[in-house]
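Grab a pencil and work through these exercises with the structure open beside you. Each task is followed by a solution that goes one step at a time.

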Amino acid sequence: MSKHITHWIGGTSVATAGSAPRRGDIYDPATGKVTGQVDFATIAEVDAAVGSAVAAFAGWRNASIAKRTTVLFNFRELLNARKDELAAIIVGEHGKVHSDALGEIARGQEVVEYACGIPQLLKGGFTEQASTGVDVYSIRQALGPVAIISPFNFPAMVPMWFFPIAIAAGNSVILKPSEKDPSAANFIAELWKEAGLPDGVFNVVHGDKVSVDRLLEHPDVKSVSFVGSTPIARYVYETGTRYGKRVQALGGAKNHMLVLPDSDLDLAADSAINAGFGAAGERCMAVSVLVAVEPIADELVEKIKQRMATLKVGPGCNGDSDMGPLVTGVHRDKVTSYLESGVADGAELAVDGRKHPIVGEDRNGSQTTDGFWLGPTLFDHVKPGMSVYNDEIFGPVLSVVRVNSYEEGLELINSNPYGNGTAIFTNDGGAARRFQNEVEVGMVGINVPIPVPVAYYSFGGWKASLFGDSHAYGPDGVHFFTRGKAVTSRWLDPSHGGINLGFPTNA
């Protein structure tokens, strides 16, 4: 065990004196071996991080927008220059393939670039002579110290959905990353310091529920941004708002892909593979349910099966791997349990991922037989009520549901408690336009399987996939990390004046 990951507070790594009271193991998912440990913060350490953010806030908030954007641009350049290093860190702790890790960084970098436009994004409005001699204008100001609680599946991208805009707007940040893959957060903290960000503006605390609860309760934390499962998102939202905080909490998903009979079935099959099995299905925008409108189901399932057989499953550091392992052994075992329950519920296990070959060695030339592996898995003839349909599995398991019409497929999607992302595959523009209007989901793709919006729009779902009324990044992100203020001003002409006790009117 060579790695020891600890907290980043006040611009430096803060090692616990002696041994931390509690620590967690860090694994290489491709080998199943422990590669290091991460300290779990005590309440006192969380308080120290918040205190550092409080101390840094006043100076950063009052820094000129020109100064802030200079730091943002510096960070962007450093991230571009060192993205391969960050990708390797992600591969080693999460398990996704290197190209996927680079893609994650690129999508996060889009938000950094959006935040570089903060001078335009923070412009307010101005009305001259709203009343006689009175001008009215609006401004947006930073909140203060803000907390970000991010999941394991995107250790770089999801934090970058939030902190670039938060920092650009003048806030200070406390990031609590997943304890499963914590190193990316510290790497990013070092980049911020090198970019010229003042100490204390960006802090990292590691840990579990103790850290989360303290951030939710701490009176100096003004907002909380969270991405994770729906039960935890609900808890974060309810707890944070109870303590008077602004909260955006993005929850789970069960994303459906509706394929109409007129669609290009090769495109649909390729898209189902890409969206279902990328990052081993550990994506909140992964397609986990393919809804095939008859009579195309048999042909489409066969095309998907053929493509699944060609996927190379192996260590993420190997350039020819298409899919890596799952993040932990516990999670792999949970996902694998659905293969048994799906069959028990009556679904057809068309492709068993447990039988998929694992190829290649890790970066040290070691065999990977003890890694957290599960190959791509396909269920056919799935119906609502089955566990493989109802639950967010968060693994490489794709379920095919057969329906007889567009209307039946739409009803299936709208009846689902989740509403994160969805897609329709069709060559009928009228059907696509009808679908985007009628479907009760926050992000919609038309012949696009993973409709994650670009950075100048906002990311977020509906129903049980989102708690709060603010989506991530884009215009919603700017609004979330600032408070509006309206100013009414009058500069009296010395030649006028006098007392008037009447109620002011807009004369």
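**Exercise 1. How do the axes of helix H4 (residues 98–115) and helix H6 (residues 157–168) cross, and which residues meet?**

Step 1. Helices are DSSP runs of H or I with at least four residues, strands are E runs of at least two, and both are numbered from the N terminus. Axes are lines fitted to C-alpha atoms, for helices over the stretch in contact, and angles run from 0 to 180 degrees between N-to-C directions.

Step 2. The H4 and H6 axes come within 8 Å and cross at roughly 15°.

Step 3. Now list the contacts, meaning heavy atoms within 4.5 Å. On the H4 side you'll find, among them, Ile105, Val111 and Tyr114; on the H6 side, Met160, Trp161 and Ile165 are included.

Step 4. Sort the contact residues: eleven are nonpolar, two polar and two charged. Here Ala, Val, Leu, Ile, Met, Phe, Trp, Tyr, Cys and Pro count as nonpolar, Asp, Glu, Lys and Arg as charged, and the others, Gly among them, as polar.

A note on the ground rules: this is a predicted model, so local features need pLDDT of at least 70 and side-chain atom pairs pLDDT 80 or more, while totals for chains, interfaces and linings use all residues. Residues are numbered from 1 along each chain as its sequence is written, and side-chain values use heavy atoms, with hydrogens and water left out.

**Exercise 2. Where does Phe394 lie, and is Phe394 buried or exposed?**

Step 1. Look in the loop between helix H13 (387–390) and strand S17 (397–403).

Step 2. Check the backbone: phi of Phe394 is near 60°, a positive value in a residue other than glycine.

Step 3. Phe394 has 16% relative accessibility, so it counts as buried (under 20% relative accessible area; exposed is over 50%, partly exposed in between, with a 1.4 Å probe and protein chains only).

**Exercise 3. How many aromatic pairs are there?**

Step 1. Rings of Phe, Tyr and Trp (its six-membered ring) pair if their centres lie within 6.5 Å; planes under 30 degrees apart are stacked, over 60 edge-to-face, the rest tilted.

Step 2. The count comes to 16. In one of them, Phe152 and Phe394 have ring centres 5.8 Å apart and planes at 85°, so the pair is edge-to-face.

Step 3. This pair ties together parts that are 242 residues apart in sequence.
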